[in-house]
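Open the model in your viewer and keep the sequence panel beside it. The stops below say what to select and what is there.

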Amino acid sequence: MTPTFDQHLHSWNSFDCQTAPLENVRRALDVGLAGLSFTEHFDTHPAEWDGCVYDDLKIEREIGELREQFGDRIFIGKGIEVCYQPERMDFILEFLEAHTFDVVLLSVHWAAGRAVHLKDQFKGMSCDAYLRFYLEAVRDCTEQLVQMKRNGHQPFRILGHLDYAKRSASRFFGFDGQLDEPKLLDEILRNCLEANIIPEINTSTLRQNLSSSMPGIEVVQHYAELGGTMMSFGSDAHRAEDIGAGAEHAIGLMKEAGLTHLANFEGGELCATAL
Ligand SMILES: [Zn+2]
Ligand SMILES: [Zn+2]
């Protein structure tokens with residue numbers, strides 16, 4: 001099997017997770033991963049910042065201890081899942097600059113000031129309108145990344161779950177279909193390629209009774225058609241037993257779409273691994 005890193009997962013260093021990092025590493029070894037990177041939530045929206053438990057010193061220390069314990073048996077990375085907040089971007093960029101990461105993941109959890117997982121913030125909106133509203137926010141986010149790249153900055157390496165609203169749309173509306181927004185998805189993927197940010201295949205939806213990952217095959221195929229060659233894998237595990245879950249499925253989608261490599265990151269550098 002392709003040497004695979006799970007590059008989206010959480011531990012007790014995220015506000016919504018209690019799992020000991022050690023348990024995650026043990027599980028990663030058990031399921032045969034070549035590596036795992038801890039991507040703890042970094043939520044800077046004023047409504048969430050007080051609850052954000054991100055503590056870089058503690059994370060550094062814990063990962064350092066795990067690296068000593070496990071040596072070269074498995075790659076243990078320090079990542080971060082930055083919640084996209086355009087109003088807080090200066091603060092976010094300063095923070096990233098002042099700390100070191102193996103991989104920086106950027107995720108859109110808020111769309112134009114509204115928390116995507118809270119239904120009362122989308123009162124009266126249809127399922128289609130909700131999904132469109134979300135994808136527009138991702139399009140705007142990736143446009144900003146293109147601008148940053150043009151100015152010589154590339155602080156983010158992976159775009160998390162690019163159609164994340166699918167997950168809440170399943171809760172709010174019973175949605176479990178294909179996204180009918182080809183133009184927006186096309187713009188998002190083109191922006192990713194131009195900004196040189198790698199989209200991930202996030203398999204958490206497969207554990208939540210949805211029939212496709214985020215994104216699903218049609219988006220992966222379109223990415224390949226546009227010239228994309230690689231994506232990242234992330235389970236988005238919040239429990240040790242979910243580490244690496246769906247890796248084979250995600251790699252199968254990449255191959256089916258004609259991608260040639262898996263994007264693993266070490267020390268901030270992309271290691272393209274042949275599929
Ligand atoms: Zn996320
Ligand atoms: Zn996550």
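This is a predicted model: local features need pLDDT of at least 70, side-chain atom pairs count only at pLDDT 80 or more; totals for chains, interfaces and linings use all residues.

Residues are numbered from 1 along each chain as its sequence is written, and chains are lettered from A and ligands numbered from 1 in the order in which they are written.

**Whole chain.** Select everything and colour by secondary structure. The chain has nine helices and 11 strands; helices (H or I, at least four residues) and strands (E, at least two) are DSSP runs numbered from the N terminus. Its radius of gyration is 17 Å, close to the 19 Å that the globule rule gives for 275 residues, so the chain is as compact as a globular protein of that length. The radius is taken over C-alpha atoms, and the rule is 2.2 Å times the number of residues to the power 0.38. Along the principal axes, the C-alpha atoms fill a box of roughly 50 × 45 × 40 Å. Of the 275 residues, 45% are buried. A residue is buried if 20 or more other C-beta atoms lie within 10 Å of its own, exposed if 12 or fewer, and partly exposed in between, with C-beta atoms placed from the backbone.

**H5 and H7.** Select residues 127-150 for helix H5 and residues 182-195 for helix H7. Their axes come within 9 Å and cross at roughly 25°. Axes are lines fitted to C-alpha atoms, for helices over the stretch in contact, and angles run from 0 to 180 degrees between N-to-C directions. H5 and H7 are therefore roughly parallel to each other; angles under 35 degrees count as roughly parallel, over 145 as roughly antiparallel, 65 to 115 as roughly perpendicular and the rest as oblique. Show side chains where the two helices meet: H5 residues including Leu135, Val138, Thr142 and Leu145 face H7 residues including Leu184, Ile188 and Asn191. Contact requires C-beta atoms, placed from the backbone, within 7 Å.

**H6.** Select residues 165-173, where Ala165, Lys166, Arg167, Ser168 and Ala169 are buried. H5 is among the elements that cover the buried residues of H6. Step on to Gly174, which follows H6 and has a positive phi near 70°.

Asn196 is in the loop between H7 and E8. Asn196 has a positive phi of about 60° although it is not a glycine. It counts as partly exposed, with 13 C-beta neighbours inside 10 Å.

**Pro215.** Move to the loop between strand E8 (198-202) and H8. The peptide bond from Met214 to Pro215 is cis, with omega near -5°.

**H8 and H9.** Select residues 217-225 for H8 and residues 247-257 for H9. The helices pack at an angle of about 45°, with their axes 9 Å apart. That makes H8 oblique to H9. Ile217, Val220, Gln221 and Ala224 in H8 meet Leu253, Met254, Glu256 and Ala257 in H9. For a distance check, pick Gln221 and Leu253: their C-alpha atoms are separated by 8.5 Å, and the residues are 32 apart along the chain. Gln221 is partly exposed, with 17 other C-beta atoms within 10 Å.

**Last stop.** Go back to Ala112, in the loop between strand E5 (110-111) and strand E6 (114-115). Phi of Ala112 is positive, near 45°. Is Ala112 buried or exposed? Ala112 is exposed, with 10 other C-beta atoms within 10 Å.
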